[in-house]
Amino acid sequence: GLQTLREQLLHIALVRESICRQLAGEPTTGLGARFEEAPWSGGTPELGAAFAAHAERCRGLLARLDGSALDAPFTTPFGNRSTPRNYLRTLLLEEHHHRAQMSQLLRLAGLEPPPYPGQAWVELGISQE
């Protein structure tokens with residue numbers, strides 16, 4: 001029942017872009033199918049380039065958010081009441097959860113996953129308190 005690293009990465013990208021589009025008022029129709037096509041279906045270099053382009057799109061969408069409206073309630077596409085601030089928190093928790101799963105898959109394959117931001121502080125001997 002475990003997802004592959006590719007499946008995890010695609011899931012993270014799809015959820016991230018879906019949430020960013022929803023918060024920016026952009027349509028999400030057909031978004032899932034886009035993540036099954038090229039360049040997402042290509043090899044590692046194409047996948048890396050697709051993820052970089054996706055991250056840039058999401059940054060652009062999030063830059064359009066009005067900071068004063070982060071606590072304005074709205075109904076998600078799933079019928080839940082939320083705020084943009086809480087939806088962004090959900091996005092971060094979702095990404096953290098899947099990053100941990102991908103780290104475990106890499107370790108099971110005998111590879112060392114890239115450091116996470118908090119780990120860099122620990123390795124430098126700097127307390128995060």
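**The largest pocket**

In this predicted model, the largest pocket holds about 300 Å³ of space. A pocket here is an open set of points on a 1 Å grid over the protein atoms alone, where a 1.4 Å probe fits, with protein on both sides within 12 Å along at least five of seven lines; lining residues have an atom within 4 Å of a point. The volume is the space filled by probe spheres set on the points, which are joined across faces, edges and corners.

Next, colour α1 and α4, the elements that give two or more residues to the lining. Helix α4 supplies the largest share, seven residues. Helices (H or I, at least four residues) and strands (E, at least two) are DSSP runs, numbered from the N terminus.

**Along helix α4**

Select residues 84-108. The 25 residues of helix α4 should span 36 Å at 1.5 Å a residue, and its end C-alpha atoms are 36 Å apart, which agrees; the expected span is 1.5 Å times one less than the number of residues. Among the buried residues of α4 are Y87, L91, E95, H98 and M102. Buried means under 20% relative accessible area, with a 1.4 Å probe and protein chains only. Now show α1 (5-24), β1 (74-75) and β2, which are among the elements that cover these buried residues. Just after α4, G110 takes a positive phi of about 80°.

Centre the view on E95, in helix α4. Because its relative accessibility is 19%, E95 counts as buried. Leaving aside neighbours within four places in sequence, E95 is in contact (heavy atoms within 4.5 Å) with I12 and R16.

Then move to F51, in helix α3 (residues 44-63). With neighbours within four places in sequence again left aside, F51 is in contact with L9, A13, R16 and W40. F51 and W40 lie 11 residues apart in sequence and 8.1 Å apart in space, C-alpha to C-alpha.

**Confidence and conventions**

Finally, colour the chain by pLDDT, the predictor's confidence in each residue, from 0 to 100. The mean for the chain is 85, and 88% of its residues reach 70 or more. Among the elements, helix α5 (residues 117-123) has the lowest mean (62) and strand β2 (residues 81-82) the highest (92). Where pLDDT is low, the predicted coordinates should not be read in detail.

Residues are numbered from 1 along each chain as its sequence is written, and side-chain values use heavy atoms, with hydrogens and water left out. Local features need pLDDT of at least 70 and side-chain atom pairs count only at pLDDT 80 or more, whereas totals for chains, interfaces and linings use all residues.

Notes
Buried < 20%, exposed > 50% of the residue type's maximum accessible area, 1.4 Å probe, protein only.
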